[in-house]
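Dear colleague,

Please find below the structure that I am handing over to you. My notes on what was found in it follow directly after it.

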Amino acid sequence: MSVIPDRAAPLDTPPGASARPDSRRIRLGARAAQEAGQNSAGPNSAGQNSAGPDSARPDSARPDEAIRISEVSKTFGRGPAAVVALDRVSLSAAPGEFVCLIGASGCGKSTLLSLVAGLDRPTSGGIATNGNRVALMFQEPALFPWLTATRNIELALRATGVSRAERRERAAELLELVHLGGFGGKRPHELSGGMRQRVALARALGQEADVLLMDEPFGALDAMTRDLLHEVLEGLWRRRGLTVLFVTHEVREAVRLGDRVVLLSSRPGRVIGDFKVDLDRPRGMDSANTVDLAIKIKAQLREEVIRHGS
Amino acid sequence: MAVDTSAHGTPPTETPAAAIAGLDNLDLVQVTPRRRLPEKIWVAAWPKLLALAIVLGLWELVYLSGWKSPAVFPGPATVLPDLWGQAHHTLLWSAIGTTMKRAVIGFGLALIIGSCIGALVSRIAPLRAAVGSLITGLQTMPSIAWFPFAIIFFGLNTSAILFVIVLGAAPSIANGLIAGVDYTPPLLLRAGKTMGLRRIALYRHLILPASLPTYVAGLKQGWAFAWRSLMAGELLVIIANTSSIGVLLSNDQDQTDMPGAISIMIVILLLGIMVDGLFNIADGRIRRRWGLADPASAR
């Protein structure tokens, strides 16, 4: 992770302007290790299922991988009614890489993110996060409605282990980062959809995450707000060296943002394509290059959907 | 705004800040300004005053029709001066004091017991299977049916009354909390868990605040049950040498003092409305905080 600049410096402050206490970095390290243990949950650590003993020890990620998803399957239900949501999905993301996951309905995109976030356990296979902290963002902002924007972020900071004295200041910095400087005192219902989603982004950043999982985060926003949030996200991603797994069903959005676009098949979800996006940033959603690549990917996506029609 | 200080050395191409600020200003609709206090009071008061006038008018009409003799059915012109007179005696106020003290103690006990039971039952699945429906059953059971038991068990004293208040109110409070916990939005639970909230922290920072509106609704219903149980109790459990609202009402019955009885009933009604008002204020605050109330319709 040493290749990533600016990781240890406080948000949006020049390196060295205000050093973070060393003890915290150590504590974070311990926490991250714990987290990794939690996330790399094989079936045997769940104390159920009858997968072989070799799957008890999920392969750990190589140092040049922020996330490694190996042969992950997820089945919901049992017997003939069981639905295979994910079928031996393997995928990895390098530190600082922006990976977009795309697929038609039922490709298990959201399931995959839940697994990586540790909200659910894979039926088989392993997920290693290489000691990185993971934050998850949803299509809905999922802010706590009884807390102001500042308090929402402070709660995430608190859960991360930031001291009380530091929280207020950090929350204000995070709000600045998402251009919501003056809105800390507002409650979610007093903000617009785009503003709420930015608070959610700030909250995710407040979790000291190295890996940001985003589940169609801008799907419910109007086009102009979404375009602006693309710029905000891209800036933050670059500046903070985040690794991003971004799920979307909008191909152009994936091409606009991703270093790679990974195509998943539907029912069961499986990786069927991996496109490298070699376009200069910043990209426009409507620029010719973006559209060209999007058309190519869309064609394959369409084939996949047609396959389910026959 | 945010200046790029990245070690990448890549300057931001064009800051979206200005466009974002513009959109934000367009998005934020100014909420209707708050009314001034006198205006607020008037807006809240006039429909109630009108309703009161209509009730008094109908009452007077029935009285004037001569349907019942004035001794059995006195008009407002007899009752209201009687109430006014009682309001100048310490007897009524000490009775109100006794009754409200019981109400507060009884409701307080119900609050503690109901909340504890609710917290446990919402958390422990087998316990819920065991007593969940029992709690609802208790809630529907008329509290007056408990008095023979309470009087034999505790004797004719305050404990018997408090016991029945608790039985009346605690199930509603417990159910309110259980429902609140059950209806914590799953998405918020997921968000809380990804943030790293676990166990007690999850309860304290997410589940309890999320269940607050439903819990307060349960408290309000619990209060209604407590107040009814208390009135029934004070009429049934007459304790020597204490004056309470129930005792005054009972005395009026013994002396066939209809104006007195109606006066006390008005007092009971007013007390109930006042406490209900307090709950409504709490409820309104929470709703506004949560964004559940439409600011345009909230006057």
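In this predicted model, confidence in chain B is lowest in α1(B), with a mean of 80, and highest in helix α4 (residues 90-123) of chain B, at 94. The score used here is pLDDT, the predictor's confidence in each residue, from 0 to 100. Helices (H or I, at least four residues) and strands (E, at least two) are DSSP runs, numbered from the N terminus. Chain B as a whole averages a pLDDT of 86, and 91% of its residues score at least 70. Over residues 1-13 of chain B the pLDDT is below 50, and this stretch has 22 contacts in the model beyond near neighbours in sequence. Two residues are in contact if their C-beta atoms, placed from the backbone, lie within 7 Å. For the complex, the predictor gives an ipTM of 0.74 and a pTM of 0.75.

Residues are numbered from 1 along each chain as its sequence is written, while chains are lettered from A and ligands numbered from 1 in the order in which they are written. Local features need pLDDT of at least 70 and side-chain atom pairs count only at pLDDT 80 or more, whereas totals for chains, interfaces and linings use all residues.

Turning to the interface, 35 residues of chain B are in contact with 37 residues of chain A. On the chain B side, the elements that give two or more residues are α1 (17-27), α8 (186-195), α9 (199-236) and α11 (258-290).

Chain A contains an open sheet of three strands in the order β2-β1-β4, with antiparallel pairing; two strands pair if DSSP finds at least two bridges between them. Because β2 (83-93) and β4 (124-128) of chain A stand at the edges, each with a single partner strand, one side of each is left without a neighbour in the sheet. Strand β1 (residues 67-76) of chain A pairs with β4(A) over four bridges, and Ser73(A) stands opposite Ser124(A) in β4(A).

Finally, the axes of helix α3 (residues 149-160) and helix α4 (residues 164-177) of chain A come within 9 Å and cross at roughly 120°. Axes are lines fitted to C-alpha atoms, for helices over the stretch in contact, and angles run from 0 to 180 degrees between N-to-C directions.

With kind regards
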